[in-house]
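We will go from ring to ring, then on to a helix crossing.

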Amino acid sequence: MLTLLPVKGQAMQNPDVTAEREARASHRIQRSQGLSNDVYEAIFTQLMSLKIAPGSRITVDNLVREFDVSHTPIREALGRLEGEGLVVKTPLIGYRAAPQITRRRFDELYELRLLLEPHAAAKAACLIDEEQLAVLRETAGVMARREGKDERLRYSNFARQDALFHDKILEFAQNELIRQTVQHQHTHFHIFRLMYHARVTEEALDEHEAILAALAARDPSAAEAAMRVHIENSRDRLLPAFE
């Protein structure tokens with residue numbers, strides 16, 4: 001263990017004082033991280049609920065005034081959102097909300113999902129254990145389906161939960177290449193931005209319950225069928241966005 005000695009001429013610090021200072025510093029860091037996360041959540045909610053329209057410019061100074069924070073947490077939040085495919089940064093110009101996906105891209109995403117995710121659900125049904133089932137029950141969003149009165153917040157929260165639920169099934173199917181392929185498309189965030197509507201969440205939650213039941217029964221055929229129905233229904237719910 002490396003021990004730091006006091007500099008010549010510098011009095012040895014009281015250990016209690018040092019501990020107190022470290023605790024205060026730790027608290028400040030936590031507060032800073034919490035603020036950055038709060039700003040991220042606020043911008044994420046606006047993007048998912050279409051308050052920030054796809055393709056529209058995002059001005060850092062405007063967000064600073066709106067949230068009454070410094071530039072740093074705004075830029076950190078926008079950097080995270082850029083990594084998730086929801087924000088695009090152009091050098092010397094700034095940030096914009098990612099454009100809405102096209103109908104062709106939408107069809108391609110659902111074709112990809114229908115090829116990969118039902119098979120993964122069937123495989124997960126054969127491999128899943130009780131601990132993993134507990135994780136899925138928590139991420140499915142079923143238990144919290146009626147919590148909160150803010151519909152915009154519920155919608156954006158479910159978008160994240162839905163992405164996590166599907167990602168965990170892919171993880172438990174134990175094919176990391178398939179999992180990474182789906183992750184790379186940022187599929188769930190893009191499709192949830194197509195339509196802000198409570199029906200999207202309520203019907204999806206019913207379908208999550210059916211998938212959970214099949215996985216709990218360790219029934220690969222039922223899990224595959226339930227996942228296929230869920231993805232097909234999701235596609236049909238969102239198709240009117242292109243009309």
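Start with the aromatic rings. This is a predicted model, and a search of the whole structure finds five aromatic pairs.

Select F44 and F189. Their ring centres are 5.2 Å apart, and the planes make an angle of 75°. The pair counts as edge-to-face because that angle is over 60 degrees. Now colour by helix. F44 belongs to helix α1 (residues 15–48), while F189 belongs to helix α8 (residues 187–192). The two are 145 residues apart, so the pair links distant parts of the chain. Are F44 and F189 buried or exposed? Both F44 and F189 are buried.

Next, select F106 and Y110. Here the ring centres lie 4.8 Å apart. The planes are at 50°, so this pair is tilted. Both residues sit in helix α4 (residues 103–127). They are four residues apart, which puts about one helical turn between them. F106 is buried, and Y110 is buried too.

Ring pairs join Y40, F44 and F189 into a cluster. Which charged end sits over the ring of Y40? Show R80: its charged end is 3.6 Å from the centre of the Y40 ring. Then show R160. This arginine lies over the face of F44, 4.1 Å from the ring centre.

Now move to R113, in helix α4. Its relative accessible area is 2%, so R113 is buried. Display what surrounds it. Beyond its neighbours within four places in sequence, R113 is in contact with P118, H166, T187, H188, I191, I231 and S234.

Show helix α4 together with helix α6 (residues 151–172). Two packed helices are described by the angle between their axes and the distance between the axes. How do α4 and α6 cross? Their axes come within 8 Å and cross at roughly 60°. The two helices are therefore oblique to each other. The crossing of α4 past α6 is left-handed.

Finally, select the residues where these helices meet:

- From α4: R113, E117, A120, A121, A124 and L127.
- From α6: H166, I169, L170 and F172.

Note on methods:
Residues numbered from 1 in each chain as written. Predicted model: local features only at pLDDT ≥ 70, side-chain atom pairs only at ≥ 80, totals over all residues. Heavy atoms only, no water. Phe/Tyr/Trp six-rings, centres within 6.5 Å; stacked < 30°, edge-to-face > 60°. Buried < 20%, exposed > 50% of the residue type's maximum accessible area, 1.4 Å probe, protein only. Lys NZ or Arg CZ within 6 Å of the ring centre and 35° of its normal. Contact = heavy atoms within 4.5 Å. Axes fitted to C-alpha atoms, helices over the stretch in contact; angles between N-to-C directions. Parallel < 35°, antiparallel > 145°, perpendicular 65-115°, else oblique. Left-handed = near helix turned anticlockwise from the far one by under 90°.
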